[in-house]
Amino acid sequence: MQSFLRECLDSVLEQSFRDIEVIAVNDCSPDRCGEIVDEYAEADERVRALHLPENVGLGRARNAGMEMARGDYLFFLDSDDTLTPDSLQLIADRLAQTSDPDVLIFDYARTFWWGGETRNSLASVFRTEGPEVFTAKQRPEFLNLIMVVWNKVYRREFVEQRGFQFPPGYYEDTPWTFPVLMSAERMAALDHVVVHYRQRRQGNILRTVSRKHFDIFDQYQRVFTFLDSDPALASWRPWLFNKMIDHFIAILAKPNRVPNELRAEFFAMAHRHYRRYLPADYVRPEGETGIRHALIARGAYPVYQTLKVANQGRRKVRKTVRATRKKVAGKRMDRLYEAALKEPIDQNLAVYSAYWGRGYVCNPAALHAKAKEIAPHIKGVVVAKQEEVKKLPPGTDYVIPGTARYWEVMARAKYFFNNVNFEDRFVKRPGTVHVQTQHGTPLKHMGIHMLAHPVAAKGMNFKNLLQRSDRWDFCIASNRFSSEIWERAFPCSFAPLESGYPRNDIFYTATGEDVRRLRDELGIPEGKIAVLYAPTHRDYTTRFVPQLDVDRLAEALGDDYVVLMRGHHFYERASELRGSEASARIIDVTSHTSSEELQLAADVLLADYSSIMFDYANLDRPIVIYANDWDAYKAARGVYFDLMEEPPGHVARTQDELHDIFVSGAWKDGRSDTLRDAFRRKFCEYDDGMAAERVIRQIILGEPAENLPVVPLDERTPAPSPTAVRTGDAKEPVAGGVKAA
C-alpha cells in the first residue's frame, strides 16, 4: 500500500475542514508504510502513528485505532482510497443540520487503475423521498448500498455505548455494518461523493483465491447472534437471510475467491447456514435467484454445478467463435518455440536484453558482467540486433532476435533481465524469474498513467502493456520515489527490488585513470571543461526538433569549453545532430555505446527532462537544466513532480539565461551545490556502487537482501571529477563503503 498511502493521507490533511485527528495504524506492514506514517506524524500534529507489534488484520487494526480515538465521530478510510476535496466540511455541515445523528451515510465513486471514474450505481437512493433523520426501517433502501464501513461516519459515543467492534477475518465489514444500521436510532444521508474507492488491478485481498473466504460464515453467525440478542430486531430476519444467501451465491459465482477443490464444501456450509437461520414462513425470491436459493436449501451442489455449467456453456460457445476468428487472423506461434517450451527449464541459463536488442548497455549489461564474476555457473546470453553484435565485449554469447536460437533460449532460460519488455508472444513459464530492471528514474508519466496523455501514448495498447508487465517478478528501483511510482504505473503483482541501478555502479568504481582515459578516447582536449548535453525526446513532435542552438552555445562558452552532444537513441544520427560536427568546440557522442562513460568524462551535465540527470547526480558534479519548453512537455506527457521546484541545479528557461549561467560561473556556485545535494539525497538513495551485486546475489544466488545493505550517501565517494584528476586532488572512489579496486 506504500504507493497509495501518501495520496490517501494528503487527501485527508489537505481538507478545508481541519478540526480532525488522524490515527494512522501500521498493521506491521512489510513495506515502508510505517516510515511514511511516522513522517506524517512528525510533520503534522493532527496525525498519530500507531504501530502494531504483529499483523492482526484489518478488523482488529481498526479496533486498535478506535481505542485511541477522541473525536466526536469515527471515519474509517482504507490506505489506498482518498477523500474528495472539501468533503469533510460537507460532512460537518450535514451533521450540524441533522443534529448529530448516530450515523451519516454518504456516497462514493469507484476510481479505476486506468484513470476512469464511476459513481455508485445506486446513487439514486440519496435522492429518494423520506425524512431527513431516519431509522433503517423508515428508509430500508439505504441498506441496499454496498455493505462497507467507509461510506459512513459514526458517532463515537453511540459506538462505544453499543460496544461495536470489528471481528477478525475476511468480510469484517459485514458484522459491523448490519448491526450498526439496524440499531441506530438516528441516521442521516449526504448526497455527495466523499470517497474515491480505488479499484486496483491486482492486490485486492478479496480477489485472492483462498480458504479464508469461508470466514463469511462466521461473520453472518455473528450478525444473527446480534439479531437474536434484541427481540426488537426480529423483523429484520427475513431481509437479512436473503442478503446472506445472496452473498454466498455471489462469492461462489466469482472464480477468484473459493478454490475449486473447496467449492463443494463451501456450498455445504451455505446449506447448513440456510437450514440454521431459515425464518418462519419464509418466501423465496422469484426467477433465477429463487432457483439458486432452492438449490442451496436442498444442498443440491451437483444440480447447482450443472446449472452453472449450462450458463457457462452458452458463454463459452460465443467466446470460442470469437477466439477462433482471432486465431485464424493472427500469427501462429513458431513451431520451434512451441517445441522448446516443452523442454525442461535450464536452471543455469540467463537472458539479458536492453532496449529491444540494442546491445550491451544499461542495467542488463551491468548485471551480465557482475553475474560472470560472482555466479560463473550461470550461462549469460545477451539479446543483440545484428548491427549491435560488433559492439559486444569479446567472448559475449548472444542471440539475434527472431532467430531459431533466440526462441530456443527464450523458451528454456531460468532468468530474464530486461529494461523494457519482451515481445507479446514470449511465454513466462512457471518457475522462471523475470526482473524488470527499468532504465531511469521517472520524471515523466509511465505505464497506465499515460492513459491521460494520448499524444504521448501514440496508440499504445494498454491491455497488452499490462499483460507484458504481469510477467515481471521483480522491478528494480534506485530510490523510494521510483518504487512507489512503479507500483502505481504498472498495477501488477511484482515485488519491488530496491537495489539501486546496476548501471550506476561504475560511478563509484571508476578511478581517476578511467576518467582520463575516457576523455582521451572521446577527443576532449586537455584542460577543457566538457559540457555533456543530453536532451530527451519530445512526445509532442514526430521527429528530432532542436530545442537548443548548440553552435550558439559553444560560441558563448568560448575556448575553455567543449560540448559533448548526446542525442536521444530514438533519433540516433539525425541530420540535425550532424550539422554541428564541423565545430571544434562540439563533439557528437550520440553513437557512443555507454552513457555512463560519457557522464564520467564530463565536468558538467546540461540536461532538460532526461532521466540522465538522476544518474549523473551520483557523481556529485554540477548539473544545469535547460527547460525552454517545460510547460509543453509537462502538458503532453505529464510529470510526477515539478522539476522547476526541485531541480538538481540552476534552471534556464531561455538560451540567453543558459549562457549567463555558464559565463557568470553560477553553474558551479554554492546554490548549485545546495540544490544538487537535496536532489541526490532523494533520488540517489540506493545507488552505492553495489547494485549489480545486490541483485545477482538476491535473485540468482538466493541470498537475503540484508546481507548487502545499502551504504548511506555520506559514506560514499564517487569517481573523481576531471578537474580533480587534472589537479591531482582525486580521491579514490568508495563503493559500498570500501575502496574500489
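**Reading the chain**

Analyst: The accessible surface of the chain comes to about 33,400 Å², and 50% of it belongs to carbon and sulfur atoms. Such areas come from the Shrake-Rupley method with a 1.4 Å probe; for residues, only the protein chains shown count as cover. This is a predicted model: local features need pLDDT of at least 70, side-chain atom pairs count only at pLDDT 80 or more, and totals for chains, interfaces and linings use all residues. Residues are numbered from 1 along each chain as its sequence is written, and side-chain values use heavy atoms, leaving out hydrogens and water.

User: How many helices and strands are there in the chain?

Analyst: Helices (H or I, at least four residues) and strands (E, at least two) are DSSP runs, numbered from the N terminus. The chain has 27 helices and 23 strands. Its C-alpha trace spans about 95 × 65 × 45 Å along the principal axes.

User: What percentage of the residues in the chain is buried?

Analyst: Buried means under 20% relative accessible area, exposed over 50%, partly exposed in between (1.4 Å probe, protein chains only). Of the 741 residues in the chain, 54% are buried. V303, in helix α11 (residues 301–329), is partly exposed, with a relative accessible area of 40%. V303 and R292 are eleven residues apart in sequence and 9.8 Å apart in space, C-alpha to C-alpha.

User: What do contacts in the chain join?

Analyst: Contact means heavy atoms within 4.5 Å. Take the contacts between residues at least 6 apart in sequence: 72% of them join residues at least 24 apart.

User: Which residues of helix α2 are buried?

Analyst: In α2 (residues 33–43), the buried residues are C33, G34, I36, V37 and Y40. They lie on the same side of α2, because they cover an arc of only 160° around the axis. The arc is that of the directions from the helix axis to the C-beta atoms. The face turned away from the buried side of α2 carries the exposed residues E42 and A43. Cover for the buried residues of α2 includes α1, β1 (22–26), β2 (47–51) and α17.

User: How do the axes of α1 and α17 cross?

Analyst: Axes are lines fitted to C-alpha atoms, for helices over the stretch in contact, and angles run from 0 to 180 degrees between N-to-C directions. The axes of α1 (residues 2–13) and α17 (residues 480–489) come within 7 Å and cross at roughly 95°. That makes α1 roughly perpendicular to α17. Angles under 35 degrees count as roughly parallel, over 145 as roughly antiparallel, 65 to 115 as roughly perpendicular and the rest as oblique.

User: Which residues of α1 and α17 meet?

Analyst: Q2, S3, F4, R6 and E7 of α1 meet S483, E484, E487 and R488 of α17. By class, this contact has one nonpolar, three polar and five charged residues. Ala, Val, Leu, Ile, Met, Phe, Trp, Tyr, Cys and Pro count as nonpolar, Asp, Glu, Lys and Arg as charged, and the others, Gly among them, as polar.

User: How do α7 and α8 cross?

Analyst: The axes of α7 (residues 215–228) and α8 (residues 237–253) come within 11 Å and cross at roughly 175°. The two helices are therefore roughly antiparallel to each other. Their contact has eleven nonpolar, one polar and three charged residues.

User: Which residues of α23 are buried?

Analyst: In α23 (residues 630–637), they are W630, Y633, A636 and R637. They cover an arc of only 140° around the axis, which puts them on the same side of α23. Their cover includes α15 (454–457). G638 follows α23, and its phi is positive, near 80°.
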